[in-house]
Amino acid sequence: MPKQAKIIADYMMYLVDFVIEINAPDQQMEKLEEIFRQMKKEDLPVNREEFESRAV
């Protein structure tokens, strides 16, 4: 499993407390945007296997 999978899993667990009928997801969107910014700074996959595991 790539390390990005854990980051996304942790974010999804974080979201559990915010899934309610009425929600203003501003804070959750900011956190997701920060995750995207951090992932864009990471090195690209170096081989096909790493690329495919990240894509999954």
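These legends cover close-ups of the aromatic rings in a predicted model. Residues count from 1 along each chain as its sequence is written, and side-chain values use heavy atoms, without hydrogens and water. Local features need pLDDT of at least 70 and side-chain atom pairs count only at pLDDT 80 or more, while totals for chains, interfaces and linings use all residues.

**View 1. Tyr11 meets Tyr14.** Rings of Phe, Tyr and Trp (its six-membered ring) pair if their centres lie within 6.5 Å; planes under 30 degrees apart are stacked, over 60 edge-to-face, and the rest tilted. That rule gives two aromatic pairs here. In this one, the ring centres of Tyr11 and Tyr14 are 5.8 Å apart with planes at 35°, so it's a tilted pair. Both residues sit in helix 1 (residues 3–15), three residues apart, about one turn of the helix; helices are DSSP runs (H or I, at least four residues) numbered from the N terminus.

**View 2. Tyr14 and Phe18.** Here the ring centres of Tyr14 and Phe18 are 5.0 Å apart and the planes at 55°, so this pair is tilted.

**View 3. How covered are the rings?** Buried means under 20% relative accessible area, exposed over 50%, and partly exposed in between (1.4 Å probe, protein chains only). Tyr11 is buried at 9%, while Tyr14 at 21% is partly exposed. Phe18, at 25%, is partly exposed.

**View 4. Lys31 over Tyr14.** Lys31 lies over the face of Tyr14, 4.4 Å from the ring centre.

Key. Helices (H or I, at least four residues) and strands (E, at least two) are DSSP runs, numbered from the N terminus. A charge sits over a ring if NZ of Lys or CZ of Arg is within 6 Å of the ring centre and within 35 degrees of the ring normal.
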